[in-house]
Amino acid sequence: MTSAWDTLEKLHADTRDRRILSLFDADPARFDSFSAEVDGLLLDYSKTNIDADTRAALLELAEAADVPGQRDRMFSGGIVNSTEGRAVLHTALRAQTADPLLVGGEDVRPGVAEMLQRLEEFAEAVRSGALTTPAGRKFTDVVNIGIGGSDLGPLMAVRALAPYHDGPACHFVSNIDGAHVRDTLAALNPETTLVIIASKTFTTVETMTNAAAAIRWLEAAVGKEAAGHLAAVSSAPDRAAELGITADRVFGFADWVGGRYSLWGPVGLPIMLAIGAANFRDFLAGGAAMDDHFRTAEADRNLPLMMGLVGIWHNNICGYDSRAVLPYDQRLERLPAYLQQLEMESNGKRTQVNGDTVERATCPIVWGEPGTNGQHAFYQLLHQGTRIVPAEFLIAAEAHEPDLQHHHDLLKANCLAQSEALMCGRSLEEARDLVAKSGLPDGDIEAETLACHRSFPGNRPSVTLAYPKLTPFVLGQIIALYEHRVFVEGVIWGINSFDQWGVELGKELANSLLPMVQGASAERKDGSTRGLLAKLSGSSA
């Protein structure tokens, strides 16, 4: 792999001052050559400084890292999560064929199909009113209590698919801050609310603490019938039974499904309750279509592979240490937060699979907000700041509100304008002409100084994902695309993208600190922690 890295670094050194716009002047067909499309989802990476030689070197890097081999190993049920000795098969939850898929010699497909059928039967019974509260009332609201992958994925998807909602209203509680559970429950009627407790082990502190609060809320209203308002997404049915949750309301998943990859199965129960089983199957079909594309498409037309390689180019070769995710789709407002976990928990690692320290930067900082709101917040930094932040725009050709077409036209115009402005900028000469035409504001600023303020460096890269309309199928495509992009980058860095040991230390320390927060001695803690404990307890240090 060293030679591939060396080639890329030399190419960057030779082209670092090249204007992206000049690549379009040299190749009028650049957009066609540096974009790829599958099932209506288009990835445009032509507004980057990647040329044909750079792309060839990036593809060589992927081959040297054995991305194709590792991809096939993942899809075939091999042990990809090496530090935990597990297969990585969230893709099996959305697969559209019944072909056997062996893990440890066992075909997992029948179990996946059986669980999907159970989820559908339960969801449709709740939605139709066939399954009611113990008092015979229809459930009007669902509260999903989870955290991390048991919250961010279904929350993001439920909001994204709002036009398809025709079931009970879905609400989400995750934060251990009591304000979250209190404020969420305050607006609901406990007599018609279903609470889903989503915790694989039923031991997650935040989830079980919030679940206990929700159960007390139910009991205050319906007494001993509270258990009839509960369901569980968990692989610990015995612990669920201790809360009175019967086995037919417990939906588990295997250890080959990681939390942040789990919305395709039982963790996606709130999505299915909101949009129905048929639409949920369309969502799965979108993910499966992207899986097939990832496995079979030619390398330079392969969306996950190319999206991952563009990320490698910007992060490792150009040295850009963050990326902004900018959905011009209000219903994707939680996508940046979802991707923060998906990418930063997966690839925020410093140790390779073999135990060596990674020699290059791994996951960039992922952040963002929907457009156009972000334009009035942080786009100033994107355009004129001292750091270059590659941007990822998402935009639909068609909205769900035909009566508000002018809104969507404005949205599309703004999205395209921002990526163009990032690339083209405004030269100092153009800024001088603008100042000359518009005149100077009141005050003593000179024309040349104002021109400097109104010039934009440009040459800032972006990619755009364009899709026909945000449907369940398209959302499935987008999520699976980002999952596989994470995989591609992780393989190239030589890390395990499917564990999360970095989450553990803080949890362990929190457990040891709780007695101290409640008054136990903290004499063995550092001076800062002791001082903060004293401040938060209201006593003197």
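D66 sits in the loop between α4 (52-64) and α5 (67-75). The model is a predicted one. The phi angle of D66 is near 60 degrees. That value is positive, and D66 is a residue other than glycine.

## The loop between α18 and β15

Another loop lies between α18 (447-453) and β15 (462-467), and N459 is found there. Phi of N459 is near 60 degrees. This is again a positive phi in a residue other than glycine. N459 has a relative accessibility of 14%. Buried means under 20%, so N459 counts as buried.

S455 belongs to the loop between α18 and β15. What is the relative accessible area of S455? The value is 18%, so S455 is buried. Which residues does S455 touch, leaving aside those up to four places away in sequence? They are Q384, R426, S427, L428 and A431.

## A cis peptide bond

Now look at the bond from G371 to T372. This peptide bond is cis. Its omega is near 15 degrees. Where does T372 sit? T372 is placed in the loop between β13 (365-367) and α15 (379-384).

Helix α13 covers residues 303-317, and helix α19 covers residues 472-493. Their axes come within 8 Å. They cross at roughly 50 degrees. The crossing of α13 past α19 is right-handed.

Which residues make the contact? From α13 come L303, P304, L305, M307, G308, L309, G311, I312, N315 and N316. From α19 come L481, Y482, H484, R485, V488, E489, I492 and W493. How do the residues of this contact divide by type? Eleven are nonpolar, five are polar and two are charged.

## Points to find in the structure

- N459: positive phi, buried.
- S455: buried, touching residues that include Q384 and R426.
- G371 to T372: a cis peptide bond.
- α13 and α19: axes within 8 Å, in a right-handed crossing.

Key:
Residues numbered from 1 in each chain as written. Predicted model: local features only at pLDDT ≥ 70, side-chain atom pairs only at ≥ 80, totals over all residues. Heavy atoms only, no water. Helix = DSSP H or I, 4+ residues; strand = E, 2+ residues; numbered from the N terminus. Buried < 20%, exposed > 50% of the residue type's maximum accessible area, 1.4 Å probe, protein only. Contact = heavy atoms within 4.5 Å. Axes fitted to C-alpha atoms, helices over the stretch in contact; angles between N-to-C directions. Left-handed = near helix turned anticlockwise from the far one by under 90°. Nonpolar A, V, L, I, M, F, W, Y, C, P; charged D, E, K, R; others polar.
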